[in-house]
Amino acid sequence: MNIHELAKLAGVSVSTVSKVMNGKDSSISASTRERVLRIAKECHYQSYASVMERDTRTLQLGVLFRSSQSMNMTLHGILKVAQDSGYTVLLRESGLDPDQEFKCISALCAHRIDGIIWEPLGEDSYQHCQYFADRKIPCVIFNAAHPDAVNIDYENLGYCATQALIRLGHTDIACLTTPGTRTEAFSMGYQRCLFQNQIPLNQELIFQEINTSFIQKISTHAVSGIVNSHYATAISLYDAVNVLHYDLPYDISLVSLKDDSRTKQDYPPISTFTIPHYEYGQYLCGKLIAEIEKQEETTGFPTPAVLDNEYSIGIPYNSRSQKIMVIGSINIDNYLKVDTLPHTGKTVNSSISSSYVGGKGINEAVGVSRLGHRVSLIGRVGNDADSDTIFKTLKTYNIDSVGVKRCAEYRTGQAYIFVQNDGNSMISIMSGANDALSGQAFYEDERLFDNTAYCLIQTEIPMQTVTQACKLAKAKGIHTILKPAACGELTSELLQNVDIIVPNRDEINEICPPGQSLEEQADYLLEQGVETVIITLGADGCYAKTKDFSSYFPAYPFDSVDSTGACDAFISALSSYLLYGYDLRAAIRIASYAAGFSVTRQGIVPALIDKDTLESYISQRDPELLRI
């Protein structure tokens with residue numbers, strides 16, 4: 001800083017400054033004197049001659065940045081290289097104030113720094129470049145639009161983020177940015193990637209905030225993926241999506257940039273490209289030292305672009321293969337092993353007890369998932385510790401749990417199961433939160449019905465809800481499979497909306513008029529509008545009838561330990577292999593194998609068979625069955 005610049009900052013004449021600095025200020029007011037001295041101290045003012053004496057190095061580097069908040073790990077990278085190279089670093093912050101910026105420049109120069117790393121406030125700041133040139137101070141400009149600036153390649157990061165979605169088949173991609181230095185470059189990378197992949201740019205898909213219009217684009221599937229420039233915004237978007245009961249990446253894919261100052265984290269599960277601020281700082285300091293020591297010049301900063309994870313990106317919603325939906329009960333199954341089943345006036349002892357996640361809804365959902373299909377579950381649990389166990393189980397089996405809600409005023413459903421030594425069982429159920437599942441749930445989560453091939457429904461939830469579920473599924477062209485359990489007579493309105501019904505012998509006796517044979521009972525249900533009747537007969541297999549055929553199917557020999565979940569395993573496999581393209585006869589036979597496996601272990605969920613094991617077993621005994 002020279003005397004003219006000091007005079008300008010102080011708002012006085014050059015002669016006034018000279019008088020104050022030389023102690024000849026008797027004629028100067030106290031306030032003026034104090035102002036001139038304060039600014040001179042702030043700027044470390046020295047005479048021009050002393051400033052120009054730069055024959056020796058000070059091994060000091062200056063770093064001038066706009067705000068400490070913007071530095072992230074960049075400063076750590078600068079300090080690391082400086083210290084390793086034997087330099088001391090003097091830090092100054094302009095605080096987004098042009099006057100303060102110039103004061104910082106003057107102060108750093110007064111310390112006779114060997115070079116400076118500078119983040120200018122804007123174009124008006126570039127005039128100070130001459131200030132460094134006059135004093136022969138090497139300067140590395142960063143994070144600026146100056147032609148000589150060294151910048152992180154946000155355009156390339158925007159390009160790579162967009163390409164990550166295009167590679168999965170996305171074409172309707174929104175760009176969400178937050179005003180800042182990286183915004184324009186990130187958006188340019190997004191647009192360049194669309195252009196190079198021959199995807200038309202839609203200006204209506206570029207947003208700078210999460211507003212109603214943006215959320216509407218998500219809810220209507222007008223966008224299938226989002227690229228985002230700032231991680232804090234991505235977290236807000238993740239929360240907004242959860243509140244609306246949408247799921248990442250099922251409904252929408254999201255990929256965001258993330259500062260490297262954030263520690264590695266798996267929650268919220270967002271796919272990210274990490275911005276390498278630390279390496280950037282190392283590069284800036286290395287470049288400055290190379291200039292000071294007249295080493296070989298370095299090229300531009302090579303910004304790496306590596307996708308950290310794929311938590312929140314997947315194929316577009318409308319491109320997903322059809323899935324299976326399950327609507328039904330969710331319980332905790334409490335088992336008691338007994339020698340003989342209890343009855344009126346009979347007390348039995350048990351020495352073995354155990355608990356598992358259960359309920360026909362969750363049993364069938366797990367069964368479908370283990371057989372290789374995507375599955376969504378709609379049901380209700382309490383606001384208790386049991387519900388935590390259930391949600392953990394759903395996550396373990398990769399079941400879409402968006403339709404599973406907690407109900408504060410209910411306890412999670414409980415099933416009390418007595419299992420006899422030969423595998424026969426009896427069950428008593430406390431419905432709990434299952435009674436809270438109403439038809440309104442299907443309209444709140446109606447999008448779960450999209451791209452669904454089969455809807456599995458059980459009657460351990462309110463019957464009015466069962467009817468509404470079947471009607472909505474049929475209206476959407478979804479095949480319905482109903483498992484009646486402890487329900488009594490079924491209404492014509494319900495049966496007209498059921499494609500396949502799977503009762504056991506006791507259940508069909510409750511559903512149909514008394515005194516009918518098995519074949520007559522099946523005919524009765526067909527007359528009511530059901531397309532396929534499959535009556536499970538335990539160890540005797542099952543009987544199936546449609547308008548085109550009727551046939552008995554044998555059970556396959558397995559040692560029975562617990563037969564409680566055999567029908568759940570059967571229905572899971574039946575729907576899964578129908579969706580795989582097998583005809584009804586083949587699907588029933590495969591399902592009979594799955595049911596056989598399920599009785600060989602205690603508990604239902606632990607005994608459900610996976611696809612590889614089931615098909616390996618069948619291929620050894622009945623290989624023709626698996627050929628479509």
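## A tour from sheet to loops

Select strand β10 (residues 323–327) and strand β17 (residues 452–458): the two pair in the parallel sense over five bridges. Strands here are DSSP runs of E with at least two residues, helices are runs of H or I with at least four, and both are numbered from the N terminus. Two strands count as paired if DSSP finds at least two bridges between them. Zoom in on Ile324; its bridge partner in β17 is Tyr454.

This is a predicted model: local features need pLDDT of at least 70, side-chain atom pairs count only at pLDDT 80 or more, and totals for chains, interfaces and linings use all residues. Residues are numbered from 1 along each chain as its sequence is written, and side-chain values use heavy atoms, with hydrogens and water left out.

**The sheet.** Now show the nine strands of the open sheet, in the order β14-β13-β10-β17-β18-β19-β20-β21-β22. The pairing is mixed. β14 (400–407) and β22 (550–553) stand at the edges. Each has a single partner strand, so one side of each lacks a neighbour in the sheet.

Select helix α13 (residues 360–370). It lies across β10, β13 (375–382), β17 and β18 (479–483). It runs at about 150 degrees to β13. Angles go from 0 to 180 degrees between N-to-C directions, with axes fitted to C-alpha atoms, for helices over the stretch in contact. Contact means heavy atoms within 4.5 Å. Next, helix α21 (residues 584–598) lies across β20 (532–536), β21 (542–545) and β22, at about 20 degrees to β22.

**The cores.** A nonpolar core is a set of buried Ala, Val, Leu, Ile, Met, Phe, Trp, Tyr and Cys residues joined through side-chain atoms within 4.5 Å. Buried means under 20% relative accessible area, exposed over 50%, partly exposed in between (1.4 Å probe, protein chains only). The largest core has 63 residues; Ile218, Ile226 and Val227 have the most contacts inside it. Helix α8 (residues 154–166) gives the most to this core, eight residues. A second, separate core of 58 residues includes Leu377, Tyr454, Phe570 and Leu625.

**Loops to finish.** Which residues does a cis peptide bond join? Leu248 and Pro249, with omega about 0 degrees. Pro249 sits in the loop between α11 (231–243) and β8 (253–259). Move to Lys136, in the loop between α7 (129–134) and β4 (139–141). Its phi is positive, about 55 degrees, although it is not a glycine. Lys136 is exposed, at 70% relative accessible area. Last, pick Asn451, between α15 (440–444) and β17. Asn451 also has a positive phi of about 55 degrees, and is partly exposed at 26%.
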